[in-house]
Amino acid sequence: MRKSPLLPAAILLSAAVGAPHPAKAVEGQSPAAPQTTQPPQTTQPSSGTATTKQKTKKPKTQNNSFLDGWHKAYALIYDKADYVDGIAALRAMGYDDNADVATLIGYASRKLGRYDDAKLWYDRALAADPNHAQTRSYYGMWHAEQGNLLKAKDDLEKVRQICGNTECHEYVALKEVIDGTRTY
C-alpha cells in the first residue's frame with residue numbers, strides 16, 4: 001500500500017486546528033511522575049547547613065497528588081493564560097527540580113516577560129534532564145525572542161537529536177518560531 005504524502009500534513013493541520021491554544025499542540029498534559037513520592041524536604045541541622053532528604057517509596061496517592069497539581073497548573077497557564085497563579089501552583093507542588101515543572105515555570109515566566117527568571121528555570125530543567133525536548137524547544141524560543149537566532153538554531157538541532165527526527169512537535173514549533181511563521 002502506498003502512503004500519501006498529504007497524510008502527515010492533514011494530521012498536523014487537524015491537530016493545530018483542534019488545539020484551542022497554540023501551546024497545547026506542543027506541551028504534554030501529563031508529565032512523568034517524579035522519582036520520589038514527596039518533594040525534597042530541606043532541614044536545618046544544628047550546624048546551620050541546610051541538607052535535603054528524599055523519601056523513596058512510591059505510594060500511588062502521592063503520584064496522583066503530583067499529577068493533580070500538574071493539571072491544575074497546566075490549566076491555569078495554558079487554558080486561562082494565568083501565568084502568575086500557574087507559577088504559584090507549580091511552586092506550591094514542591095518539585096522545582098522536576099524537568100517538566102521547571103520547564104512550565106520557565107514558559108510562564110517568559111510569557112510574563114520575566115526573561116531572566118525564564119532562563120533560570122530552563123537551566124534548572126536542563127540540569128534535571130539534559131535531553132528534555134520540551135525544555136530545549138522553549139529555550140530556543142527564549143533565545144529567538146532575545147534576538148539570538150544562532151543559539152535558537154543550536155537548540156533546534158539539539159531537539160532534532162533528542163527526537164531523532166524533524167517531525168516531533170517540539171522541533172516543528174521551534175522551527176516555526178525561528179522561521180517567523182509562529183509566535184509563541
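Analyst: A salt bridge here means a side-chain nitrogen of Lys or Arg within 4 Å of a carboxyl oxygen of Asp or Glu. The model is predicted. By that rule, the count is nine salt bridges.

Start with Asp155 and Arg136. They form a salt bridge, with the closest N and O atoms 4.0 Å apart. The pair links distant parts of the chain: Asp155 belongs to helix α7 (residues 149-163), Arg136 to helix α6 (residues 133-145), and 19 residues separate them. Both Asp155 and Arg136 are buried.

Next, Asp96 and Arg124. Their closest N and O atoms are also at 4.0 Å, and they form a salt bridge. Asp96 is buried, at 15% relative accessibility. Arg124 is partly exposed, with a relative accessible area of 33%.

Lys175 and Asp179 give a local case. Their side chains meet in a salt bridge at 3.0 Å, N to O. Both lie in helix α8 (residues 169-179), four residues apart, or about one turn of the helix. Lys175 is partly exposed at 32% relative accessibility. Asp179 is partly exposed as well, at 43%.

Finally, there is a network. Salt bridges with shared partners join Arg91, Asp96, Asp97 and Arg124 into one network.

Conventions
Residues are numbered from 1 along each chain as its sequence is written. This is a predicted model: local features need pLDDT of at least 70, side-chain atom pairs count only at pLDDT 80 or more; totals for chains, interfaces and linings use all residues. Side-chain values use heavy atoms; hydrogens and water are left out. Buried means under 20% relative accessible area, exposed over 50%, partly exposed in between (1.4 Å probe, protein chains only). Helices (H or I, at least four residues) and strands (E, at least two) are DSSP runs, numbered from the N terminus.
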